[in-house]
Amino acid sequence: MDKFVIQGGNRLQGEIQVSGAKNAAVGLIPAVLLCDEECVLENVPDISDVSICLRILYELGASVEMLKPDTYRINCKGVRGFSVPYESAKQMRASYYFLGALLGRTGKARVSMPGGCPLGDRPIDQHLKAFSALGARSCNDHGMIDLSADKLVGGQIYFDVVTVGATMNAMLAAVKAEGLTIIENAAKEPHIVDLANFLNSMGADIMGAGTDVIKIRGVSYLHGTTYAVIPDQIEAGTFMVAAAATGGDVLVKGVIPKHLEPITNKMKKIGVNIEEFDDAVRVWVDGPLVKTSIKTQPHPGFPTDMQPQMATLLTLAEGTSVVTEGVWEQRFRYVEELRRMGADIAVNDKVAIITGTGKLMGAPVKACDLRAGAALIIAGLAANGVTEIEDIHHIERGYGNIEEKLRGIGGDIRKVSTPPTAMKKAL
Ligand code: EPZ
């Protein structure tokens with residue numbers, strides 16, 4: 001079992017590079033199934049969710065070749081299968097993108113119900129509604145979702161909730177359907193735009209991505225392409241908050257500052273200095289941090305995937321802050337762990353009241369999901385003393401080499417592996 005051991009108290013300083021976006025990459029990789037020519041994907045993050053996506057493609061019959069640590073050549077010409085088994089799908093939420101991509105490719109898909117972070121009820125009714133609007137039949141057969149369509153035909157899709165996954169899945173299924181598809185109440189996250197740009201670079205005809213109405217005119221053929229995944233907005237935001245929490249001065253490089261605006265605006269409000277450059281932001285603190293209120297919302301609102309990290313920063317700010325979770329039912333499971341580190345946070349349903357104590361202390365804690373784990377790393381870096389974080393596989397789903405990156409700006413964080421024999425003895 002691996003864990004992170006952090007000696008807190010170092011002020012982070014220097015330059016840190018952001019990788020490609022997890023939530024874009026996990027959509028773009030299945031999207032390659034819509035094309036039978038060679039595609040090269042660049043700026044692919046080195047994270048376990050990406051490895052799983054690539055393995056699923058390989059298991060379906062694609063050739064997958066790593067050209068550089070962040071660049072893959074993929075050819076789906078040899079893909080014959082249309083089924084993603086439980087063992088692969090259960091490991092990540094984004095395995096649902098294989099539903100849309102395989103349906104768009106073959107008119108058939110069989111994918112196990114997806115796994116992923118435990119954030120409360122995670123229905124896929126809107127995904128199925130979109131597939132149905134395009135003419136697909138669906139059924140749940142012993143935990144496997146079965147989709148089939150004699151022919152996919154463009155249709156009108158109105159989402160009852162703003163959903164990233166269903167918007168991207170509808171795009172994947174519609175891109176080669178006959179005629180026009182109109183998606184209304186679509187999600188607007190940067191990764192939605194990235195998927196549209198990627199598919200358009202293969203010859204698709206998608207307009208309006210990034211607004212709440214997306215129009216897709218089906219094309220019969222997609223060709224190969226070379227495309228770079230956008231930078232990870234949430235990894236960037238996590239480093240920005242880590243810099244602020246340690247009173248540091250850090251240049252976060254390789255970002256699109258526009259994508260960071262919801263985060264930047266809130267951080268400025270609590271007293272963090274942020275200077276934007278073309279593809280970098282400098283974050284530094286030279287005064288006290290102050291309370292604020294945050295409500296997470298779909299883009300361009302404050303991202304739910306930054307909520308635990310910002311809440312951690314607010315434990316170090318003066319005054320009482322209010323954080324309201326507007327997307328997921330259960331995204332405060334990390335609070336108990338932060339309390340072990342001295343945080344004063346009261347949670348009532350979807351609202352957390354944070355009384356800033358100005359300091360945290362090191363403690364043994366557990367990452368209960370991906371962003372919860374990121375929050376605990378930030379807490380550990382800012383705390384007095386040593387923090388040990390268990391269950392770091394959650395963190396490695398979405399952050400590549402995070403300990404190395406943070407060490408590069410002065411963080412005292414090590415990954416420690418307990419050999420299986422030592423574990424046996426301890427038991
Ligand atoms: C994506 O999840 C991200 N995951 C999540 O990031 C992120 O928290 C979330 O979008 C919101 O930004 C990936 O991109 C792989 P949704 P997704 O569909 O697509 C409800 C992280 O930490 N809903 O936008 O699964 C749902 O219950 C992860 O990187 C339905 O009711 O989220 C939720 O309340 C965690 N029916 C809301 O919509 C549906 O069919 C938004 O979910 C689908 C969703």
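**The ligand shell in the predicted model**

Four helices, namely H1 (22–31), H5 (125–133), H6 (164–174) and H12 (370–382), each contribute at least two residues to the shell around the ligand, helices being DSSP runs of H or I of at least four residues, numbered from the N terminus. The largest share, 3 residues, is supplied by H5. The model is predicted, so that local features need pLDDT of at least 70 and side-chain atom pairs count only at pLDDT 80 or more, whereas totals for chains, interfaces and linings use all residues. Residues are numbered from 1 along each chain as its sequence is written, and side-chain values use heavy atoms, with hydrogens and water left out.

Of the 25 residues around the ligand, Tyr96, Val164, Asp305, Val327 and Arg371 come nearest, a residue being near if one of its heavy atoms lies within 4 Å of the molecule. By class, the shell comprises 11 nonpolar, 6 polar and 8 charged residues, where Asp, Glu, Lys and Arg count as charged, Ala, Val, Leu, Ile, Met, Phe, Trp, Tyr, Cys and Pro as nonpolar, and the others, Gly among them, as polar. At least three shell residues come from each of domain 1 (2–19 + 231–426) and domain 2 (22–228), with bounds taken from an automatic or database domain assignment.

An N or O atom in the side chain of Trp328 is 2.9 Å from an oxygen atom of the ligand, and a polar backbone atom of Pro123 is 3.3 Å from a ligand oxygen atom. Of the 840 Å² of accessible area that the ligand has on its own, the protein covers 90% (Shrake-Rupley method, 1.4 Å probe).

Note on methods:
Polar contact = N/O pair within 3.5 Å; in protein donor to acceptor, adjacent residues only side chain to side chain.
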